[in-house]
Each structure stands twice: as C-alpha cells, then as structure tokens.
Amino acid sequence: MSGALNGLPLKPCLVWDARQVTVWLDPPLVGERVVVRQPAVGDEAGLVEMATDERVRRFLGGAADPVAAAAKASARVAGGVWGQFVVVHRGSGDLIGSGDLARKRGPWEVSYQLRHRYWGRGLAAEAVALVRGWFFAHTEHDLLIATTQQANDRSRRLLERLGAVNVGAFEQYGLVQQRYEFYRS
Ligand SMILES: CC(C)(COP(=O)(O)OP(=O)(O)OC[C@H]1O[C@@H](n2cnc3c(N)ncnc32)[C@H](O)[C@@H]1OP(=O)(O)O)[C@@H](O)C(=O)NCCC(=O)NCCS
C-alpha cells in the first residue's frame, strides 16, 4: 500500500510485531487542525529548527549542532522507519511538529515535539490523540506509554488532558522522569 498527501509521496512502511504486519500511517491521519503523516522530502527545515531550538530541546537533552541536525533530518525524510511522524498544520500546510512511536523501554512509547511558535494552541494534543487512536485501532497492543521529565509541565499537562494515567516516577540521566500510560478503551 502507498499513497500521497498534497503531492508528498508516502512510502510503504511495515513493522513486524509478533502477530501482525501493520502499514504505518498510510493514509495520513487527518484531524480538525492538523495532519499526521510520514516524514517526507521538504520537511527538513522544520525538523532542523526544532532540533536546534533550546526551548524545544530543553527537556530532551539540549539543542543539537546544526550540521548533525541537518544530517538527521535528511535521514528522517528519506523515510521507511515505522513509527516516525511529522505534524502538519492543515490551514497553512506548515510542518509544525514531529515525533515517533518506538519501543525504548519495552512497551510502545509515543514522543512528540512542536516548533515553539505553535505551542499553546492545543495542536500537539490533537496530534498525539490522533496517533494514540491510530495505534489502538491498528495494532493489538493494549498499552501505549509516554515518559516525560518531571519538570516538563507542558508535556505533563498535555498527557493529563488526554487522559493518560501517571503511574509513577523513575530516574534517567540523573533526572526525575514521570511515566504515563494510555490504555485501549
Ligand atoms: C510538549 C509540547 C508538545 C506541548 O505543546 P502545547 O502546545 O503546550 O500542548 P497542547 O497542544 O496540549 O496545547 C495546550 C495549550 O494550548 C492552549 N490552547 C489554546 N487554544 C486551544 C485549543 N483550541 N484547544 C486546546 N488547547 C488550546 C491550552 O490552554 C494549553 O495551554 P496551557 O498548557 O498553558 O494551559 C511542547 O511544549 C513541546 O514541543 N515541547 C518540547 C518537546 C517536549 O518536551 N516533548 C515532550 C517529551 S516527549
């Protein structure tokens, strides 16, 4: 299966996960104000902006070097990695965020970030809700987690607004992190 959105080709992107092969975000997820789709050529500038912005990277290990960020953006838009997504603003067509679904510590985990100028509008919450809905609709898993630094108030508010359950704290990189869980409803 493959498709396109606004002329951007989507690559078939499969994950093997014990019992199933699931095609990743094909078609893209269309919300009221955002579209969530696979990364594609043309997304590089927005990805580099996020990676090099101290405000965006404050709780994610700090801003990246621009050259390293550009290389990572090029690899990301080359596509083919199950779980990687970008968020596009439906009104303007701008790339406004990115994230992924990955198994960093066992269960599937969602991560997300928005370009700083798009914070505070409810757009990240809309995107994460779309990804969560897709995950439970297209996989057989009953659990999706998110982890965030305890100090990351914005991220914690987002997760709590979406109904994620805070199941406790743990330490990583010498910092207190909170683990949240979404369950299949
Ligand atoms: C975490 C992050 C994505 C949250 O972004 P955000 O824009 O604050 O999150 P939301 O989409 O939930 O927006 C909620 C805010 O929009 C406001 N808002 C304005 N209009 C809104 C609308 N129409 N609908 C919903 N909320 C709206 C809400 O009141 C809320 O503001 P508040 O938190 O000050 O009360 C963003 O801060 C970020 O990219 N941080 C850097 C990366 C990061 O730390 N990621 C988390 C770890 S994976």
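Modeller: What follows starts at the ligand, goes on to the helix you asked about, and ends with some loop residues.

This is a predicted model, in which local features need pLDDT of at least 70 and side-chain atom pairs count only at pLDDT 80 or more, while totals for chains, interfaces and linings use all residues. Residues are numbered from 1 along each chain as its sequence is written.

The ligand is surrounded by 21 residues, of which Gln113, Gly122, Ala124, Ala125 and Ser155 are the closest. A residue is near a molecule if its C-beta atom, placed from the backbone, lies within 6 Å of it. Two or more residues of this shell come from each of β9 (109–114), α3 (123–138) and α4 (153–161). Helices (H or I, at least four residues) and strands (E, at least two) are DSSP runs, numbered from the N terminus.

In α4, the buried residues are Ser155, Leu158 and Leu159. Seen down the helix axis, the buried residues of α4 fall within an arc of 95 degrees, so they line one face of the helix; the arc is that of the directions from the helix axis to the C-beta atoms. Asp153, Arg157, Glu160 and Arg161, on the other side of α4, are exposed. Buried means that 20 or more other C-beta atoms lie within 10 Å of a residue's own, and exposed that 12 or fewer do, with C-beta atoms placed from the backbone. The buried residues of α4 pack against α3, β10 (143–149) and β12 (175–183), where contact means C-beta atoms, placed from the backbone, within 7 Å. Just after α4 comes Gly163, with a positive phi of about 90 degrees.

Tyr173 has a phi near 55 degrees, a positive value in a residue other than glycine. Because 7 other C-beta atoms lie within 10 Å, Tyr173 is exposed.

Leu25, in the loop between β4 and β5, has a positive phi too, near 45 degrees. Leu25 counts as buried because it has 26 C-beta neighbours inside 10 Å.

Terms used
Two residues are in contact if their C-beta atoms, placed from the backbone, lie within 7 Å.
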